[in-house]
Amino acid sequence: MCLRHFIKKDEIVFARTSPQHKMLIVYACQLRLHVVAVTGDGVNDSPAIKKADIGIAMGIAGSPVAKDAADMLLLDDNFASIVKGVEEGRLIFDNLKKSIAYTLSSNIPEIAPFLLFIIF
């Protein structure tokens, strides 16, 4: 089977792959415009962690090279923490959007008279 056949699936997990295969998988997924997340803990994983859109390294068992290459560091080496982190990030993003919308909606009526005075 070709790698392209597997990449077409909606969800797929690769396990126990070599560093060269990890790079090939990341490259193939990014060519199809997928968002790629790679987890790893060793020096061999660091190129794929760096190349991925979201690189995740293990905090306890991870090597310093993998930690430096990663975008996210799992302090407890628990994969469930990724889900919790994404949920928390989405919550923060939603609150930020609400805050910006509130600030703009409350400040526009205050700024409008000054802008109208300058224009007319």
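Tutor: Let's start with a definition: a contact means heavy atoms within 4.5 Å. Among contacts in the chain between residues at least 6 apart in sequence, 15% join residues at least 24 apart. Keep in mind that this is a predicted model, where local features need pLDDT of at least 70, side-chain atom pairs count only at pLDDT 80 or more, and totals for chains, interfaces and linings use all residues. Residues are numbered from 1 along each chain as its sequence is written, and side-chain values use heavy atoms, with hydrogens and water left out.

Student: What helices and strands does the chain have?
Tutor: There are five helices and three strands. Helices (H or I, at least four residues) and strands (E, at least two) are DSSP runs, numbered from the N terminus. In order from that end, the elements go α-α-β-α-β-α-β-α.

Student: How do you know that β1 and β2 pair?
Tutor: Two strands pair if DSSP finds at least two bridges between them. Here β1 and β2 (residues 54–58) run parallel and are joined by four bridges, so they meet that rule. One example is Thr39, whose bridge partner in β2 is Ile56.

Student: What makes β1 and β3 edge strands?
Tutor: The three strands form an open sheet in the order β1-β2-β3, with parallel pairing. Both β1 (37–40) and β3 (72–74) pair on one side only, and that makes them the edge strands.

Student: Why is Ala70 called buried?
Tutor: Buried means under 20% relative accessible area, exposed means over 50%, and partly exposed lies in between (1.4 Å probe, protein chains only). Ala70 has 17%, so it counts as buried. You'll find Ala70 in the loop between α4 (64–69) and β3. Leaving aside neighbours within four places in sequence, Ala70 is in contact with Ile49, Gly55, Ile56 and Ala57.

Student: And what about Arg16: buried or exposed?
Tutor: Arg16 has 85% relative accessibility, so it counts as exposed. Its place is the loop between α1 (3–7) and α2 (19–31). Arg16 also has a positive phi of about 55°, although it is not a glycine. Most residues other than glycine have a negative phi.

Student: How do you know that Leu33 is exposed?
Tutor: Its relative accessible area is 76%, so Leu33 gets the exposed label. Leu33 sits in the loop between α2 and β1, and its phi is positive too, near 65°.

Student: What makes a set of residues a nonpolar core?
Tutor: The members are buried Ala, Val, Leu, Ile, Met, Phe, Trp, Tyr and Cys residues joined through side-chain atoms within 4.5 Å. In this chain, the largest such core has 14 residues, and those with the most contacts inside it are Val26, Cys29, Val36, Val38 and Ile49. The elements giving two or more residues to the core are α2, α3 (46–51) and α4, with the largest share, four residues, coming from α2. Neighbours within four places aside, Val26 is in contact with Val36, Val38, Ala48, Lys51 and Ala52.

Student: How does the radius of gyration of the chain compare with that of a compact globule?
Tutor: The radius is taken over C-alpha atoms, and the globule rule is 2.2 Å times the number of residues to the power 0.38. A compact globule of 120 residues would come out near 14 Å, but the chain has 22 Å. Along its principal axes, the C-alpha trace spans about 70 × 35 × 20 Å.
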